[in-house]
Amino acid sequence: MSSADNAHPLAPGWLTVPEDNATLDPKVFTEQYARNDRGCVTVDGVSVAEMAERYGSPSYVISEDTFRSRARGFREAFEAAFTPMGVDVEVYYASKALLNTHVARWAQDEGLNVDTASGGELEVALRAGVDPSKIALHGNNKSAAEITRALDTGVGRIVVDSLPEIQLVADLAQKLAVRAPIMLRVTPGVHASTHEFIATAHEDQKFGLSLNPSVEGEDSPALQALAQCVALREHLDLRGLHCHIGSQIFAAEGFGQAAERVLALRETVAERWSTVLPELDLGGGHGVAYTSADEPRTAESIATDLAEHLDGLLKNSELPLPHLSFEPGRFIAGPSGCTVYTVGTVKTVTVSPGVERRYVSVDGGMSDNARPVLYDADYTAVLANRVSDAGPVLSRVVGKHCESGDIVVRDVYLPADVSAGDLLVVPVTGAYCWALSSNYNWLTRPGMISVDAQGQVQVLIRAETVDDLLARDTGASAE
């Protein structure tokens, strides 16, 4: 059946009726995902049905090979694009997307540094054995304790985010008798084509220091911050500038515009203070395909486009070439993971006369994937434990929480015979799903399992138990 033959009146325009339910869309499933001869979805050759039986449902499943290959591929693509220009590059894995000690080690093994955004993330990276000099600490409201820990352990960079923080870092560095390595995060004023909640380069948001003056005739907040850093150079080692325009971005233009503005600011710093900033970090935020409607770029395309854009700008500058760094997170982790759910209640509702939608409830929901309720994120799903000959039915996959907004997949065609006990796989849940998970309605958080290229299964994070839920409740006592 084609979409033109029998499009559902409630289906969004991009959603097509599948020809069959056996084929895994290569746009959203990496090559490590397949179906076995029994029709069950496999991850690196291991059946999700076997994993669900052994480790429970729902479960996050991560393909280690996908993570490693995407991390390595991103680094190699940027090295290949920028090395001929004489520019050294580094890649920082933006660990807020997905972090545990195993993942941090994978990133380090593949030649990536690790970017952290809190004291907790910093501790995970350190516990994983990541070289502190290869760790960055971000955050718009870092505590004195977090900054002190970063300085004590010798992190490679602290990305400062405001005028008060510059002074705080300098004071703590003086107290510890060290010189703090810092990058200054600036807001380039570039519009990113993404959801408002994950766009970070426009003026009206909490991150960074604007390149635009607050009052006409005065220095911009970014220039004021740079002046402060120069004045405090005894305690601050100003390495360079950092910018990040947002997340889940497909268009190339914004990244080039941001780079232009940051390079121009570097020229201004050299002219005004005779200081050459050796490093520039141009962030991350490159999009991935959650559904067939998404059109992500490859790492090679991203790197080549940006290198070509920057080549002329750098050649026209009299300053030494900067060291460049980039921060992919979702791009690496997102397609590496999926979530396995078990179907429970299946209900068909009449939306309007003659128009129905089927609701397929699963044993998780917004507590293990908050992205749909946070910013209307779209996903897809497939029947995972078998292949069905039943016709496709427009369905909405929902969770078990006491919220009507508890939607896992808003629109997807699933076989008409999906019923209680079946397994569904939702792909591309490797980024921000576990990181944003909660115990809403006192659900236990799922465990996380990895499968390597040889089909070896490992528990990365065990599933929570009811005892875990009650462990911090001072009124609870074990029976």
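User: What makes the backbone oxygen of W434 and the side chain of S437 a polar contact?

Analyst: In this predicted model, the backbone oxygen of W434 lies 2.7 Å from a polar atom of the S437 side chain. A polar contact is a pair of N or O atoms within 3.5 Å, where within protein one must be able to donate a hydrogen and the other to accept it, and residues adjacent in sequence count only if both atoms are side-chain atoms. Local features need pLDDT of at least 70, and side-chain atom pairs count only at pLDDT 80 or more. Residues are numbered from 1 along each chain, and side-chain values use heavy atoms, without hydrogens and water.

User: Where is S437, and which residues does S437 touch?

Analyst: S437 sits in the loop between strand 19 (423-427) and strand 20 (447-451); strands are DSSP runs of E with at least two residues, and helices are runs of H or I with at least four. Not counting residues up to four places away in sequence, S437 touches Y60, S367, D368 and R445, where contact means heavy atoms within 4.5 Å.

User: Why is helix 2 called oblique to helix 3?

Analyst: The axes of helix 2 (residues 64-82) and helix 3 (residues 101-109) come within 9 Å and cross at roughly 40 degrees. That angle makes helix 2 oblique to helix 3 (under 35 degrees is roughly parallel, over 145 roughly antiparallel, 65 to 115 roughly perpendicular, the rest oblique). E64, F67 and R68 of helix 2 meet V103, W106, A107 and D109 of helix 3.

Terms used. Axes are lines fitted to C-alpha atoms, for helices over the stretch in contact, and angles run from 0 to 180 degrees between N-to-C directions.
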